[in-house]
Amino acid sequence: MGRETGAGATVSAPRVRTPGAGRPSENDAPRSPRRRRHRRRRTALAVLVAAAVVLPLTGATRPDIPAPPPASLAPLTPSTLDAAYAANRADAAEASRMAAAHGDSTRAAADHAMAGPSRRLLAFDGRGEGRATEVFGDLAHASRVAVLVPGSDTSLDTWARFRATAVALRQRLHREAPQGVGTAVVAWLGYTTPATVSTTVLTTARADRAAPRLRDFLAELHTVTRPDASVSLLCHSYGTVVCGRSSARLSGLGVSDIVLLGSPGTGADTAADLHTGARVWAARGGDDWIAEVPHVRTDFFGTTVGFGTDPVSPAFGARVFAAGGGGHSDYFRPDSVSLANLARIVLGETGEVSHA
């Protein structure tokens, strides 16, 4: 996957061997793995483009689920954190009751879990697909903070899966952090993610709407954390598009690193085009299917489809690090190569990061 690809490319018909010819043509030889990959990518691009043109560019949304509006909170400061956590837990409990009365047992169970007494919810909105932000660790005193930005199919219904990645990272950081270095992990679901099988996942539309939300959240976070706290953005899958669209707006917010995991592209051709002072990292697991997604960008009828240069390619210019042989959902698997490297990046131990 490389640079921008035109939409009008067609696949020529295979040559037919002339009857009686003494030598087989080059097309009779088995195709090389590289040629097969190229053909698969061209075919995948054609499918994606057709879907974007033929289908409406709106994802299927979940039927409205009743829930209270988000709690009205005082400006977030270290002294108001506990009150914010309590108010959002109360909202989650009420949302659970309302979802149960509505007959949605799945959402009711998810909300009920989020209302648990130990949960630290910095934000909660149970309406529709839902949005939430959960904290792991002592946010006010942490000098190293990781903010996780999820990709497609992440909602309150699938929060437990997203939460597990944050817990795994928090545990690794707690184990690896030098004496006296406080750490915290924040799971941020501040936007409506696209479905993996949808046309919305092919464009930057959701990311464009999410980008100012992420920037506003990081500005709010900056008022809660220590002035010298270093923030790492760990962005997964479509979340890398969100981070890419946000990157130029993050100056002065303590963001030291932007990490792109299993990325379809960021919408930028190079890391320099992200216009950020943060270090830009990228990784892809050996068994991640995202490798087969065409890293291209093309325009059709005013709609841009695709996200451009592959972030793990030399052309992009990110710091590529080892992620092991895992799949698309394995970057935060406990004891994995990728999780070890993510912890090193968050802790600022960049010289210890192993490279692909």
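C235 and C243 are both buried (under 20% relative accessible area; exposed is over 50%, partly exposed in between, with a 1.4 Å probe and protein chains only). This is a predicted model: local features need pLDDT of at least 70, side-chain atom pairs count only at pLDDT 80 or more, and totals for chains, interfaces and linings use all residues. Residues are numbered from 1 along each chain as its sequence is written, and side-chain values use heavy atoms, with hydrogens and water left out.

The two cysteines form a disulfide (sulfur atoms within 2.5 Å), with the sulfurs of C235 and C243 2.1 Å apart. The S-S torsion is about -95 degrees, so this disulfide is left-handed. A search of the whole structure finds 1 disulfide.

Next, the cores. A nonpolar core here is a set of buried Ala, Val, Leu, Ile, Met, Phe, Trp, Tyr and Cys residues joined through side-chain atoms within 4.5 Å. The largest has 47 residues, and L139, V147, L218, L233 and I258 have the most contacts inside it. A second, separate core of 38 residues includes A95, W281, Y331 and I345.

Now charges. The whole structure has 12 salt bridges (a Lys or Arg side-chain nitrogen within 4 Å of an Asp or Glu carboxyl oxygen). In one of them, R97 pairs with E94, the closest N and O atoms being 2.7 Å apart. R97 is exposed, at 52% relative accessibility, while E94 is partly exposed at 30%. Elsewhere, R119, E134 and R163 are linked in a network of salt bridges.
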